[in-house]
Amino acid sequence: MKKSLFVFLLGFALLSVFNACDDDTKEVSYEIDPNSLYSRLGGLNAISAVTDQFLANVAADNTINARFAATVADPFRLQVLRNNLIDQICEGAGGPCKYKGKTMAEAHQGMNITQDEFNALVGDLVAALDQFNVPEAEKNELLGILGPMQTDIVGK
């Protein structure tokens with residue numbers, strides 16, 4: 001009897017741990033500065049919505065969409081790109097996310113991205129931010145955080 005109770009409790013404990021790790025709907029408390037860019041952008045839900053629109057803009061942009069054709073064709077790769085973009089913006093804006101992807105230099109090595117392609121990508125992001133009425137100050141602050149990545153992307 002004791003052994004079966006132990007097995008039951010162990011199984012229940014393991015199930016609880018796995019459910020806690022896999023359940024993205026649970027609230028997690030973080031100390032977020034209410035004045036941070038992350039907060040002013042509207043948090044994770046707003047960043048996710050802008051990212052989704054940004055990806056839709058990129059997919060419709062004939063200047064750069066060919067660069068993303070293989071990623072768009074593979075749902076797993078597209079989800080990884082989406083998650084990395086969300087994490088990168090969230091972390092850069094002072095949110096609780098941690099970017100786990102490659103460095104920009106590693107991710108773009110050998111791609112020979114042109115300045116026109118980079119500008120098109122930035123334009124697609126600005127259009128997404130505009131669609132969600134992100135104020136000019138927050139938009140410029142975010143672009144100021146992401147802009148320096150250009151040196152690791154263009155011409156590499």
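1. Terms for the spaces. On a 1 Å grid over the protein atoms alone, a pocket is an open set of points with protein on both sides within 12 Å along at least five of seven lines, whereas a cavity is a set where a 1.4 Å probe fits but cannot get out; lining residues have an atom within 4 Å of a point. Grid points are joined across faces, edges and corners, and a volume is the space filled by probe spheres set on the points.

2. Basis of the values. The model is predicted, with local features requiring pLDDT of at least 70 and side-chain atom pairs counted only at pLDDT 80 or more, while totals for chains, interfaces and linings use all residues. Residues are numbered from 1 along each chain as its sequence is written, and side-chain values use heavy atoms, with hydrogens and water left out.

3. Overall architecture. The protein chain contains 8 helices and 0 strands (DSSP runs numbered from the N terminus: H or I of at least four residues for helices, E of at least two for strands). Of its 156 residues, 27% count as buried (under 20% relative accessible area with a 1.4 Å probe, protein chains only; exposed is over 50%, and partly exposed lies in between). Among contacts (heavy atoms within 4.5 Å) between residues at least 6 apart in sequence, 70% join residues at least 24 apart.

4. The largest pocket. Its volume is about 1,000 Å³. The lining comprises 32 residues, and those nearest the pocket centre are Phe 68, Leu 81, Leu 85, Met 104 and His 108. Two or more lining residues come from each of α3, α5, α6 (104–108), α7 (115–131) and α8 (136–146), and α5 gives the largest share, with 7 residues. By class, the lining holds 22 nonpolar, 6 polar and 4 charged residues. Here Ala, Val, Leu, Ile, Met, Phe, Trp, Tyr, Cys and Pro count as nonpolar, Asp, Glu, Lys and Arg as charged, and the others, Gly among them, as polar.

5. The largest cavity. The count of cavities of 30 Å³ or more is 2. The class division is 8 nonpolar, 1 polar and no charged.

6. Thr 51 is located in helix α3. Is Thr 51 buried or exposed? Its relative accessible area is 1%, so Thr 51 counts as buried. Not counting residues up to four places away in sequence, Thr 51 touches Arg 82, Leu 85, Ile 86 and Ile 89.

7. The second largest cavity. This cavity has a volume of about 30 Å³ and is lined by Leu 55, Val 58, Ala 59, Phe 68, Val 72, Leu 78 and Leu 81. At least two lining residues come from each of α3 and α5 (75–92), with α3 giving the most, 3 residues. Its lining has 7 nonpolar residues, with no polar and no charged ones.

8. The largest nonpolar core. A nonpolar core is a set of buried Ala, Val, Leu, Ile, Met, Phe, Trp, Tyr and Cys residues joined through side-chain atoms within 4.5 Å. The largest has 22 residues, and Leu 41, Ile 47, Phe 54, Leu 125, Leu 129 and Leu 142 have the most contacts inside it. Elements supplying at least two residues each to this core are α2 (37–41), α3, α5, α7 and α8; α3 provides the largest share, 5 residues. Leaving aside neighbours within four places in sequence, Ile 47 is in contact with Tyr 38, Leu 41, Ile 86, Ile 89 and Cys 90.

9. The disulfide. The structure holds 1 disulfide (a pair of cysteine sulfur atoms within 2.5 Å). Cys 90 is joined to Cys 97, with an S to S distance of 2.3 Å. The link of Cys 90 and Cys 97 is right-handed, at 75° about the S-S bond, and both Cys 90 and Cys 97 are buried.

10. The loop residue Asn 112. Asn 112 lies in the loop between α6 and α7. Asn 112 and Val 154 are 42 residues apart in sequence, with a C-alpha to C-alpha distance of 6.6 Å. Leaving aside neighbours within four places in sequence, Asn 112 is in contact with Arg 67, Glu 117, Gly 155 and Lys 156.
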